[in-house]
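Okay, thanks for coming, everyone. Let me put today's protein up on the screen.

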Amino acid sequence: MPQKKKQKPQDHVEEESEPSYDEDDSMSGSENEQDLDEDEEIMVDFEARSVLESDRESIKILLQQKLAAFQQINLNELATIISQQENLGNVINQAEDEDSEKQDGDEPNDTIFGVISMVDLNFSQTKNFSCEFIKFLKSHINQENGSKLDFYLPKCSYIVNERFLNIPPGISIPMFESLLDDVQKLSDDSANKKSEYWLFLSRIFTEEASKAKHSSKLNAPETQYANPEEEIFEEFSELKFDISYGQKMSKATGGKWSKDDPTLTPSLRLLIINTNKVKDALEKIRNLIK
């Protein structure tokens, strides 16, 4: 599939700096000790482009962050579907440095840091994946939620919104807008264009409830989204429920890894939002990020 140029969303990523060595430490015998400046920012520009078939393995790696623990979901098949859908969705990679001279024989930068796409759950060409995916969802919910889910599934597309954790949420706005633009350009008989609802599987981390200081009441557990913008989509959702990782994924520690940091329990949160509400959600996300 020929590469299609998209908008070029640019944002900054705050990452750990390269380790620096203090000369005095070397003199005192601490030759290998590293001083890490946590506040130093590394400026990185990103750009979006169309999904290519060659992105399949990179997309699979991104999917594994959230879904590798669930063997019912065939990530090979999902990554193949995403990479073979023509003119639908986009990936983000590091923008080429305009000031650097490209030498003959240099390989293009094909490392991707995020992907957004959609998979219609009723399209004949994705039937195998969709059947297993729906079976997975229903195996993790109660009968009441299963009945509610049955109402939406015939009119639903699964939204794939994956990126590495240190990529800022601001980049999601042009990526979603580009996806909406791609959908509008699809033929009228396209399954994805006919979808009335978007289904998200959001990765969340919930603090374990602990006793409040000077009080006998319990603090309400706080929830953090791996992709913060999806918390706004939750506000516009018509259906939501959580899927536990159980013993499949270990708990994490928030903050800076001290003994006082809260313990975070990972889980998935299913959200279903009417496509008519997507632009409203994006507008709210844009206003919050300003």
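Predicted model: local features only at pLDDT ≥ 70, side-chain atom pairs only at ≥ 80, totals over all residues.

Residues are numbered from 1 along each chain as its sequence is written, and side-chain values use heavy atoms, leaving out hydrogens and water.

The average pLDDT (the predictor's confidence in each residue, from 0 to 100) is 80, and 71% of the residues score at least 70. Helix 8, residues 229-235, comes out highest at 97, while helix 1, residues 23-27, is lowest with a mean of 44. Residues 1-34 sit below 50, yet that stretch has 73 contacts beyond near neighbours in sequence, a contact being heavy atoms within 4.5 Å.

Overall we've got nine helices and nine strands; those are DSSP runs numbered from the N terminus, H or I of at least four residues for helices, E of at least two for strands.

Now the pair. Helix 6 (172-185) and helix 9 (278-289) pack at about 160°, axes 10 Å apart. Those axes are lines fitted to C-alpha atoms over the stretch in contact, with angles from 0 to 180 degrees between N-to-C directions. Therefore the two helices are roughly antiparallel, the term for angles over 145 degrees.

Who meets whom? From helix 6 it's Ile173, Phe176, Glu177 and Leu180, against Val278, Lys279, Leu282, Ile285, Arg286 and Ile289 in helix 9.

Note on methods:
Parallel < 35°, antiparallel > 145°, perpendicular 65-115°, else oblique.
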